[in-house]
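Subject: Structure handover

Hello,

Here is the structure you asked for. Please open it first, then read my notes below.

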Amino acid sequence: MLFRSVTPNLPEFALLSQDLLDKSAYELERSMQLFAQQLSISLLVKGGHSKENPVDRLWHQGVMLRFTSPRDPGRDVHGTGGALNALIAVHLTLGKSLEEAFKSAKATLYQWIKHSKPLGSGQRMLFPGIS
């Protein structure tokens, strides 16, 4: 399975799609579908910038997958989108379905976020030594 994807967060996707940031979930998902279909890609929009509990959304070949995770207060972590994309690719390579790969990747990423390390006084960096 070829997995060509783009992984913006919510503000980045608003810029890419030239849409407003404050959209309903339905409008966001419709924008994702149109954007992904125009570029013939999978689109994973990270939800960590939302005001509620984060919902990561993945549009892939006509299917929208949604995964929620609890917000970890005080953990403004850099690099989660790219790490999640890489983890999904690893699990797909291991023969998992996309949904299984996404679930496994999210579980691993959550552990990495929990064990992230501060970078000075700014964002935290993922610590993949724990999985």
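Leu-65 lies in strand β4. Strands (E, at least two residues) and helices (H or I, at least four) are DSSP runs, numbered from the N terminus. This is a predicted model: local features need pLDDT of at least 70, side-chain atom pairs count only at pLDDT 80 or more, and totals for chains, interfaces and linings use all residues. Residues are numbered from 1 along each chain as its sequence is written, and side-chain values use heavy atoms, with hydrogens and water left out.

Back to Leu-65. Its relative accessible area is 11%, so Leu-65 is buried. Buried means under 20% relative accessible area, exposed means over 50%, and partly exposed is in between (1.4 Å probe, protein chains only). Leu-65 touches Asp-56, Arg-57, Leu-58, Leu-98, Glu-99 and Phe-102, leaving aside residues up to four places away in sequence. Contact here means heavy atoms within 4.5 Å. From Leu-65 to Leu-44 is 21 residues in sequence and 9.2 Å in space, C-alpha to C-alpha.

Next, the aromatic rings. A search of the whole structure finds two aromatic pairs. Rings of Phe, Tyr and Trp (its six-membered ring) pair if their centres lie within 6.5 Å; planes under 30 degrees apart are stacked, over 60 edge-to-face, and the rest tilted.

Phe-13 and Phe-35 have ring centres 5.5 Å apart and planes at 85°, so this pair is edge-to-face. Phe-13 sits in helix α1 (residues 10-17) and Phe-35 in helix α2 (residues 25-39), so the pair ties together parts 22 residues apart in sequence. Phe-13 is buried at 3% relative accessible area. Phe-35 is buried too, at 13%.

Phe-67 and Phe-102 also form an edge-to-face pair, with 4.2 Å between centres and 65° between planes. Phe-67 is in strand β4 (residues 63-68) and Phe-102 in helix α4 (residues 98-114), 35 residues apart. Phe-102 is buried at 0% relative accessibility.

Last, the helix packing. Helix α3 (residues 80-93) and α4 pack at about 135°, with axes 8 Å apart. Axes are lines fitted to C-alpha atoms, for helices over the stretch in contact, and angles run from 0 to 180 degrees between N-to-C directions. That makes α3 oblique to α4. Angles under 35 degrees count as roughly parallel, over 145 as roughly antiparallel, 65 to 115 as roughly perpendicular, and the rest as oblique.

Best wishes
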